[in-house]
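Hello,

Here is the structure I promised to pass on to you. Please open it alongside this email, and the notes below will walk you through what was found.

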Amino acid sequence: MPPDVRKRRQHSRRMRQFLFLLHYYYQHLLTLPASVSLRWLLRSVEWETHEGIAIVDVSLHRDVDDRFRKNTIAALGLIKALDPRRFHRIQHEIKYIQNGEALRWASYDRSLLICHIDYGRIDDAGNEEFYLRQYASTLVHEATHGALYSRYIDYTFKLRTRIERLCHLEQKRFASKFDVLDRKWSKELVGEFDQQKYNSNWNATYSQRFKGTIARWRQSWRSRRSKRR
Ligand SMILES: [Zn+2]
């Protein structure tokens, strides 16, 4: 490559990096105190590390339900055996897999490289294999968000639909490794991209999110009480 072309490319890469950081920190200025508190919380609880990833359970169910810890290790093992390239991406982009009550089943937090999971939402009794495969595909989806951030592509209003489509596609590509002649696992595990689902998440007001979080906590609290009986 001629030196002037290489120089131009380096310059545009640096510019992209600078604009990404500027936009990212501007967007996340208000959530910075929450990230600092979460970091403190993560340091104050015990966790175990598997393949370089910390598995942290701060859910209300942690003392009555061990499925999150057990199935996270199993899901990571499944991805490693089936798809080493995507497993390596998970190791690179996710530092913590943290279980706790939340508005969504899974999400990714770039500031601390956390994949948040609300494992209590899953009732996998009698269908453990299906849910384990679905969980593994979710980890692939969330790590793809991380890989895009690593390429200085921020989750903006303009790009978010394309980003979610791409993560969904990666999740489905991984799930297709389970496909066999008489069963299309990828279709059952991941399905089609549902724009409506994302729109309702993005368009929710602060008050709706707050109410949704409280409702999820109450539901989890009730279920914990019934498991303890
Ligand atoms: Zn996503």
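**The loop with Leu113**

Leu113 is found in the loop between strand 4 (106-109) and strand 5 (114-117). Helices here are DSSP runs of H or I with at least four residues, strands are runs of E with at least two, and both are numbered from the N terminus. Before we go further, two notes on reading the model. Residues are numbered from 1 along each chain as its sequence is written. This is a predicted model, so local features need pLDDT of at least 70 and side-chain atom pairs count only at pLDDT 80 or more, while totals for chains, interfaces and linings use all residues.

For background, most residues other than glycine have a negative phi. Strand 4 and strand 5 form a hairpin with 4 residues between the strands, and Leu113 takes its positive phi there. Leu113 counts as partly exposed because 17 other C-beta atoms lie within 10 Å. By that scale, a residue is buried with 20 or more other C-beta atoms within 10 Å of its own, exposed with 12 or fewer, and partly exposed in between, with C-beta atoms placed from the backbone.

Tyr152 also has a positive phi, about 60°, although it is not a glycine. Its place is the loop between helix 5 (128-150) and helix 6 (160-175). Tyr152 is partly exposed, with 16 other C-beta atoms within 10 Å.

In which order do the strands of the open sheet lie? The sheet has 5 strands in the order 1-2-3-5-4, with mixed pairing. Strand 1 (48-50) and strand 4 stand at the edges with a single partner strand each, so one side of each has no neighbour in the sheet. From one strand to the next, the twist averages 25°. Two strands pair if DSSP finds at least two bridges between them.

Strand 5 has two pairings to look at. With strand 3 (residues 96-99), strand 5 pairs in the parallel sense over 4 bridges. Within this pairing, Tyr96 has Ile114 as its bridge partner, and Asn99 stands opposite Ile117. With strand 4, strand 5 pairs in the antiparallel sense, again over 4 bridges; here the bridge partner of Ser107 is His116.

Are the faces of strand 5 covered or open? Both are covered: Ile114 and His116 on one side are buried, as are Cys115 and Ile117 on the other.

**The helices around it**

Helix 3 lies across strand 1, strand 2 (53-57) and strand 3, and runs at about 155° to strand 2. Axes are lines fitted to C-alpha atoms, for helices over the stretch in contact, and angles run from 0 to 180 degrees between N-to-C directions. Gly77 sits in helix 3 (residues 67-82) and is partly exposed, with 15 C-beta neighbours inside 10 Å. The C-alpha atom of Gly77 is separated by 24 Å from that of Ser150, 73 residues apart along the chain.

Helix 4 and helix 5 pack at about 65°, their axes 9 Å apart. Where they meet, Arg86, Arg89, Ile90 and Glu93 of helix 4 face residues of helix 5 including Leu139, Ala143 and Ser150. A contact means that the C-beta atoms of two residues, placed from the backbone, lie within 7 Å.

**The chain as a whole**

The chain has 9 helices and 5 strands, in the pattern α-α-β-β-α-α-β-β-β-α-α-α-α-α along the sequence. Of its 229 residues, 25% count as buried. Residues 24 or more positions apart account for 63% of the contacts with a separation of 6 or more. The C-alpha atoms fill a box of roughly 70 × 50 × 35 Å, taken along the principal axes.

As for confidence, pLDDT is the predictor's score for each residue, from 0 to 100. The chain averages 89, and 99% of the residues score at least 70. Among the elements, helix 4 (residues 84-93) has the highest mean pLDDT (98) and helix 2 (residues 32-44) the lowest (75).
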